[in-house]
Amino acid sequence: MKLDLTDMLYALSFALDKVEVELLGVDTGHGKRVAYLAFLMGEEAGYQEEELRDFIGCCLLHDNALTEYIHEELSNSLMPQHLSVKISDIANLKRSKMEHDHSVIGEQNIRLIPFRTDVKNIVLYHHENADGSGPLGMTVSETTLKAQILRLADNIDTTSRLEIMTITEFEELRRYVQSEAGSLFSREAVELFLKAIDYDKIAFLQDNSIHAYLHEGLHNAICDYSDEEIRNIAGLFAKIVDYKSEFTQEHSRGVAEKAETMAHYYGFDAEKAIRFCFAGAMHDIGKLAVVNDILEKPGKLTDNEFAEMKNHAAATYYILNQIKEISDIVKWASNHHEKLNGTGYPQGLTADDLSFEERLMACIDIYQALTEKRPYKDGMSHEKSISIMLDMAHRNELDESIVQDMAIVMSNNAPRK
């Protein structure tokens with residue numbers, strides 16, 4: 001499957017930013033700003049385009065494990081009853097432990113992304129201090145320059161308001177960076193920062209044009225990835241989505257697996273089958289933009305809350321539509337809540353508007369939701385789930401022929417139709 005990986009990672013960093021805003025209280029755009037600063041320093045260091053492109057991908061995803069770490073930690077200690085994650089809960093976690101654990105998990109996750117150059121330990125060491133006082137105790141001689149650049153860029157953005165910084169504040173920032181050379185930051189990274197970044201480069205952040213700037217510098221990089229590589233990419237982002245909420249911890253991965261199963265049943269060719277699996281993994285990426293208070297509310301949602309919940313499908317469209325060459329995947333993923341009778345969302349499409357693949361994804365999503373166990377309910381049996389879906393089909397919400405096929409496939413692993 002052909003994919004512009006940088007394009008994809010940049011688009012999906014929007015979703016990760018939403019998580020950081022909710023869970024850590026940082027300003028939106030953190031990942032992009034860190035990538036921009038690292039890009040400037042990486043250019044100064046002389047990295048070639050492919051190497052620089054992969055480095056920026058790591059910077060965009062440097063906090064990829066936040067949802068996984070925070071939920072694991074709070075579920076084991078502060079959240080025995082599966083309460084919603086709050087910033088006040090996170091504040092009680094030891095910062096050093098958070099930096100240690102999410103760096104380790106993040107490094108494991110980043111290895112699922114099929115970068116073409118060596119990115120080993122960039123994410124793992126992005127909280128390490130030059131003097132060895134970081135969470136893993138690694139000194140500057142034991143880490144890579146790319147990790148040191150990321151460390152500096154990450155620290156600058158989390159301790160400063162770059163998007164509203166004045167020239168006086170920038171001069172203070174330069175003095176701060178210089179004062180920490182050899183302790184927090186490596187001297188080589190500090191030198192790159194001082195050479196590569198002036199106030200005009202910082203002021204550029206205020207125009208909110210980082211995406212265009214990075215694309216101009218990195219150009220398009222559409223590559224052909226193997227099915228296994230695509231499954232790894234999709235699986236990583238499905239995991240990030242699923243860990244956002246305790247209520248849906250296996251949902252996206254379950255949809256992806258069933259999407260590929262049904263694709264093979266209907267005889268999709270290999271390329272289309274992996275694209276459909278990819279759409280299944282990504283169908284709820286927009287939920288990263290919905291706060292957990294709504295995702296995990298045990299009672300009935302208010303009208304305003306339900307309206308915000310429904311926005312996740314539109315957010316999925318917005319995020320995926322930024323990635324070139326996947327217009328079919330965008331539709332299959334973002335229209336999974338549409339109904340044949342026009343009562344679905346976000347667009348209120350009808351049977352005449354919905355392709356077979358969109359109808360199929362809607363059925364798979366509902367089947368997965370009914371059969372999976374959640375903190376507030378046990379998973380329903382296959383028979384009960386199919387019965388509910390048939391009722392929905394009789395109300396002209398779902399495609400009955402697809403429901404009938406899933407009744408066979410999901411119970412017996414049926415051969416291809």
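Start by selecting asparagine 335, in the loop that runs between helix H17 (327-334) and helix H18 (356-371). The coordinates belong to a predicted model. Is asparagine 335 buried or exposed? Its relative accessible area is 5%, and because buried means under 20%, asparagine 335 counts as buried.

The side chain of asparagine 335 makes a polar contact with that of glutamine 347, at 3.4 Å. To complete the surroundings, select Leu349, Leu354 and Glu358 as well: together with Gln347, these are the residues that asparagine 335 touches once residues up to four places away in sequence are left out.

Next, go to tyrosine 225. This residue also sits in a loop, here between strand E2 (222-224) and helix H12 (227-244). Tyrosine 225 is buried, with a relative accessible area of 5%. Which residues does tyrosine 225 touch, not counting those up to four places away in sequence? Select Met1, Leu3, Leu5, Pro114, Arg116 and Ile230 to display them. Then set a C-alpha to C-alpha distance between tyrosine 225 and proline 114: the two are 8.0 Å apart in space and 111 residues apart in sequence.

Now colour two helices, H2 (residues 30-45) and H3 (residues 49-60). They pack with their axes 8 Å apart, at an angle of about 150°. Angles over 145 degrees count as roughly antiparallel, and H2 and H3 are therefore roughly antiparallel to each other. Their crossing is right-handed.

Show the side chains at this contact. On the H2 side, select Gly31, Lys32, Val34, Ala35, Ala38, Phe39, Gly42 and Glu43. On the H3 side, the partners are Leu52, Phe55, Ile56, Cys59 and Leu60. Coloured by class, the contact of H2 with H3 has nine nonpolar, two polar and two charged residues.

Stay on H2 for the last stop and select leucine 37, which lies in this helix. Leucine 37 is buried, its relative accessible area being 1%.

How values were computed. Residues numbered from 1 in each chain as written. Predicted model: local features only at pLDDT ≥ 70, side-chain atom pairs only at ≥ 80, totals over all residues. Heavy atoms only, no water. Helix = DSSP H or I, 4+ residues; strand = E, 2+ residues; numbered from the N terminus. Buried < 20%, exposed > 50% of the residue type's maximum accessible area, 1.4 Å probe, protein only. Contact = heavy atoms within 4.5 Å. Polar contact = N/O pair within 3.5 Å; in protein donor to acceptor, adjacent residues only side chain to side chain. Axes fitted to C-alpha atoms, helices over the stretch in contact; angles between N-to-C directions. Parallel < 35°, antiparallel > 145°, perpendicular 65-115°, else oblique. Left-handed = near helix turned anticlockwise from the far one by under 90°. Nonpolar A, V, L, I, M, F, W, Y, C, P; charged D, E, K, R; others polar.
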